[in-house]
Amino acid sequence: MSHSTVPRSRDEAHTRKAAARTPDTRSGRRPARRPGKLSLRLRLRRDRTLILMTLPAVALVLVFNYVPILGNVVAFQEYDPYISDNGFAAMLESPWVGLEQFQRIFEDSAFWDAVRNTLVLFFLQLVLFFPIPIALALLINSVIRPRVRAVSQAILYLPHFFSWVLVITVFQQIFGGAGIIAQTLRRHGYEGFDLMTDPGIFKFLVTAEGVWKDAGWGIIVFLAALASVSPDLYEAAAMDGAGRWRRLWHVTLPALRPVIALLLVLRVGDALTVGFEQILLQRDAVGPGAAEVLDTYVWWNGVRNQDFSFAAAAGLIKGLVSVALVLAANKVAHMMGEQGVYKK
Amino acid sequence: MTAVLDRRHEPVAEKAPRWWQAPPRPVWEEPPGRAGLAGKGIVLAGACLAVLFPLWIVIVTSLSSKKTITEAGGLVLIPRDITFVAYQELLSGGQVTRATLVSLGVTLVGTLFSMTVSVLAAYGLSRSGSLGHRWMLMTLLATMFFGAGLIPTYLLVQSLGLTDTYLALILPSAVSVFNILVLRGFFMNISPELIDSARIDGAGDWRILWKIVLPLSRAVVAVITLFYAVGYWSAWFNASIYLTDQDMMPLQNVMIQLVQKQEQPVGMSQAIKTGQISALAVQMAVMVLALLPVAVVSPFVQKHFKKGMLTGAVKG
């Protein structure tokens, strides 16, 4: 192996490539073969370990992310899971119905309710959730005592690692009908209340749960951006007579701009996905009228009612619109001169 | 004369400020106003309290006796007679004990599996220029922009015969492309000279990964392990759609039944009915079981979060 012509590293291959470009004057002859064009067999031999290492992940992704894409054909079928024991075999035998499922969806008022709820929730989260981590990050950044900073960061990060089940359960134990606030009120002769089953405030409740769980976690990215601002900029601004608010406006906020743009793009591209697990857990308590979003609509029709074709069609619509949104949001970011999620 | 001058130019050994003292500010920065300082403190303390207060209530109630809870009308703020009855009942066998063990098992096995696959893939993809590198990277990256959809995934898992097996809780979400990218970003930052010298000494890729790359990336490996572990520990959805056997349910799903649907834990209803334990304390104890591992582990990894998240954001 060690005496073979196979370059021992990819980096060596690069240096050989460079050597090929500038002919070796000492020996007076060109290398026998241009290493940039190693044969496939040799490259396979050189890189087999790396390929072997990467394969398990690629295989898992292929099976669980790519193969199911084929399964979307059931959206154009009248899928009957009872034709065969095997779901994919049943797929081959189910009759084709063209766009019938899509027609049914567009005529379903529950679908449009789900669309409306999804969009309302998205805008609520954008307005009520999005600014909070930025404000918190500015606040923490302005704290100069390291111990205070570290402790409050540790506390604020914590809820991010709790499961949705736990977060909702905590909210229920506090704000629910049998929760401690309602119980205490009743004990003192006031009327109790149940925020957890009130469809009117459900969307605010969902947003509040999201803030409790993830607002603290959201500050990490902003803190990182703030830490990379050069202190010289602040000093120069101060020399020029800028007070603390002007420094915030002219130095700090511009430093956050790219991060804010990036996160906005991500959020807009993901607009149709608003807290699937979180809402699914509370759907029964408030009823689908207020709680149904596109993801839970798919879950309800598909998994619960076993109407696989119908639900797959709904999921397909959502997926396609989402991809379009990601691309569009990124396009807008590029046009605004920001980097966006991926480069052009 | 010169001695005086010299002494003046000697660097003054600054005492590190104690934790309650603020470190010195740069000369150009105005000292903060009293009102501003107070305002900041109130907002920050409020935010931290909003996180801690519910947890305090949950923990304290789970440790309270039935008598304390009844006297306090449900809202126990200060623990008086601390008792572990609720935990003893929950962990002395039965539904919750089994669910806790299931969750622990799935978390351990799943995290180990996910980390192995992810670290290998991250290393394999970190040496750019290798055969198929671009294609494999693209294959992974593309999944960050689209999902196959819930129904086709569900049908696939069914077709593979994974329903009612613990594999259904691990395999479908075993690798997170984001986590692989974070690891890869780190591995790529390790100086190539180091790796080359190891290679000249005759080390293969396996040995380089194990002896050089992994020891150098302990911080990010800790963060990603935590991410995976928390993911497995918190998961309930896969169990709810792929498992039908109640005995196989992990802790989160049991918590849904006990607390949200207000059911009584199987085998424990007797103790609650006869009034030995408060049903509220039992519910809170289940919640503590669910939050404890995460709350204990995550602060230790906390100082590495920023690095890990940042690498992901930049390289992604």
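## Arginine 184 of chain B

R184(B) has its place in helix α9 (residues 177-189) of chain B, where helices (H or I, at least four residues) and strands (E, at least two) are DSSP runs numbered from the N terminus. R184(B) is buried, with a relative accessible area of 11%; buried means under 20% relative accessible area, exposed over 50% and partly exposed in between, with a 1.4 Å probe and protein chains only. Apart from neighbours within four places in sequence, R184(B) is in contact (heavy atoms within 4.5 Å) with A122(B), L125(B), S126(B), H133(B) and L137(B).

## Basis of the model

This is a predicted model, in which local features need pLDDT of at least 70 and side-chain atom pairs count only at pLDDT 80 or more, while totals for chains, interfaces and linings use all residues. Residues are numbered from 1 along each chain as its sequence is written, chains are lettered from A and ligands numbered from 1 in the order in which they are written, and side-chain values use heavy atoms, with hydrogens and water left out.

## Chain B and its confidence

Chain B has 17 helices and zero strands, and buried residues make up 49% of its 316 residues. Of the contacts in chain B with a separation of 6 or more, 72% are between residues 24 or more positions apart.

Within chain B, confidence is lowest in helix α1 (residues 2-9), at a mean of 52, and highest in helix α8 (residues 167-170), at 96. Over residues 312-316 of chain B, pLDDT stays under 50, and the model has seven contacts beyond four places in sequence for them. For the complex, the predictor gives an ipTM of 0.86 and a pTM of 0.86.

## Aromatic pairs and charges over rings

Over all chains, a search of the whole structure finds 26 aromatic pairs, a pair being rings of Phe, Tyr and Trp (its six-membered ring) with centres within 6.5 Å, counted as stacked with planes under 30 degrees apart, edge-to-face over 60 and tilted for the rest. The rings of W217(A) and F227(B) have centres 6.0 Å apart and planes at 75 degrees, so this pair is edge-to-face. The pair crosses between chains, from W217(A) in helix α10 (residues 202-227) of chain A to F227(B) in helix α12 (residues 218-234) of chain B, and both W217(A) and F227(B) are buried.

In chain A, the charged end of R283(A) sits over the ring of W300(A), 4.2 Å from its centre, the criterion being NZ of Lys or CZ of Arg within 6 Å of the ring centre and within 35 degrees of the ring normal.

Definitions and conventions: pLDDT = per-residue confidence, 0-100.
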